[in-house]
Amino acid sequence: ICDMSQSSSLPKGNVLSPARSNMMQVPANITHVIFVIHSRLIEVFAGLLFDMLPGWRKRAQIVKTLDEAYQIAQSMVANFEER
């Protein structure tokens, strides 16, 4: 869970390239990332990043609240344990 709920703006300068580089370095055992985002600007930016890294579309999800993120994470853990 990546809580970005307090973020409302992007850093100055080229943000896409470093963000893309960081996302490409996430270990393979991180199967899902849940972003908590309130800002529409940050949400649009994340969408652009996912467009640049199509493999992340299935590994990432954007939600509005931490409670929602926790519910999704708990559901994923329960599904994993059932296997």
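Asp-51 is exposed, at a relative accessible area of 52% (exposed is over 50%, buried under 20% and partly exposed in between, with a 1.4 Å probe and protein chains only). The model is predicted: local features need pLDDT of at least 70, side-chain atom pairs count only at pLDDT 80 or more, and totals for chains, interfaces and linings use all residues. Residues are numbered from 1 along each chain as its sequence is written, and side-chain values use heavy atoms, leaving out hydrogens and water.

**View 1. Asp-51 and its partner Arg-57.** Asp-51 belongs to helix α2, residues 40-52 (helices are DSSP runs of H or I of at least four residues, strands runs of E of at least two, numbered from the N terminus). The side chains of Asp-51 and Arg-57 are joined by a polar contact of 2.7 Å (a pair of N or O atoms within 3.5 Å; within protein, one must be able to donate a hydrogen and the other to accept it, and residues adjacent in sequence count only if both atoms are side-chain atoms).

**View 2. The start of α2.** A side-chain oxygen of Ser-39 lies within 3.2 Å of the backbone nitrogen of Leu-41.

**View 3. The buried residues of α2.** These are Ile-42, Phe-45, Ala-46, Gly-47, Leu-49 and Phe-50. Their cover includes α1 (16-24), β2 (33-36) and β3 (60-63).

**View 4. The length of α2.** The 13 residues of α2 reach 19 Å from first C-alpha to last, close to the 18 Å expected at 1.5 Å a residue (the expected span is 1.5 Å times one less than the number of residues).

Key. Contact = heavy atoms within 4.5 Å.
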